[in-house]
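Work through the exercises below with the sequence and the 3D view at hand. Try each task before reading its solution.

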Amino acid sequence: SMGSGGSQGVRRWNDHLRKGAAQARVMLTQAGANRWKVDPAGVTIERGYLVHAETKRSMRIGDVAAEAAKLTPPDNPPLRDPSTRRY
């Protein structure tokens, strides 16, 4: 079945979508850390940019998207706290 579930779609797929977003976040921050040669724990994503606060560096996530796509997605990525959601 290729259906989205209508009004149940978000409720039904929320956990899967959160995991996919968390996997992408880990892969993007790792790719940025690889490029900057820094610890990935110090790299965050803020409004479409990778940011390394310690060195004050930043770049668009699109700049490392191809590199991130070559990384293996983690099986159990850390999920963001729902209280940090903007939407």
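**Exercise 1.** How many positive and how many negative side chains does the protein have, and how far apart do the centres of the two sets lie?

Solution. The model is a predicted one. Step 1: count Lys and Arg as positive, and Asp and Glu as negative. Step 2: the count gives 15 positive and 8 negative side chains.

**Exercise 2.** Describe the protein as a whole: its elements, its extent and its surface.

Solution. Step 1: list the elements. There are two helices and three strands, and from the N terminus on they run α-β-β-β-α. The C-alpha trace spans about 45 × 30 × 20 Å along its principal axes. Of the 87 residues, 22% count as buried. Step 4: look at the contacts between residues at least 6 apart in sequence. Of these, 49% join residues at least 24 apart.

**Exercise 3.** In what order do the strands of the sheet lie, and why does one side of β1 and of β3 have no neighbour in the sheet?

Solution. Step 1: recall the general rule. Strands of a sheet pair through backbone hydrogen bonds, in either a parallel or an antiparallel way. Step 2: read the order. The open sheet has three strands in the order β1-β2-β3, with antiparallel pairing. Step 3: find the edges. β1 (43–46) and β3 (57–60) each have a single partner strand, so one side of each is left without a neighbour in the sheet.

**Exercise 4.** Is His52 buried or exposed, and which residues is His52 in contact with beyond its neighbours within four places in sequence?

Solution. Step 1: locate the residue; His52 is in strand β2. Step 2: apply the cut-off. A residue is buried under 20% relative accessible area. His52 has a value of 5%, so His52 is buried. Step 3: list the contacts. Leaving aside neighbours within four places in sequence, His52 touches Trp36, Val38, Gly42, Val43 and Arg57.

**Exercise 5.** Where is Gly62 found, and is Gly62 buried or exposed?

Solution. Step 1: Gly62 is in the loop between β3 and α2 (65–69). Step 2: exposed means over 50%. At 54% relative accessibility, Gly62 therefore counts as exposed. Step 3: compare positions. Gly62 and Ile45 are 17 residues apart along the chain, and their C-alpha atoms are separated by 12 Å.

Methods
Residues are numbered from 1 along each chain as its sequence is written. This is a predicted model: local features need pLDDT of at least 70, side-chain atom pairs count only at pLDDT 80 or more; totals for chains, interfaces and linings use all residues. Side-chain values use heavy atoms; hydrogens and water are left out. Helices (H or I, at least four residues) and strands (E, at least two) are DSSP runs, numbered from the N terminus. Buried means under 20% relative accessible area, exposed over 50%, partly exposed in between (1.4 Å probe, protein chains only). Contact means heavy atoms within 4.5 Å. The place of a charge is taken as NZ of Lys, CZ of Arg, CG of Asp or CD of Glu. Two strands pair if DSSP finds at least two bridges between them.
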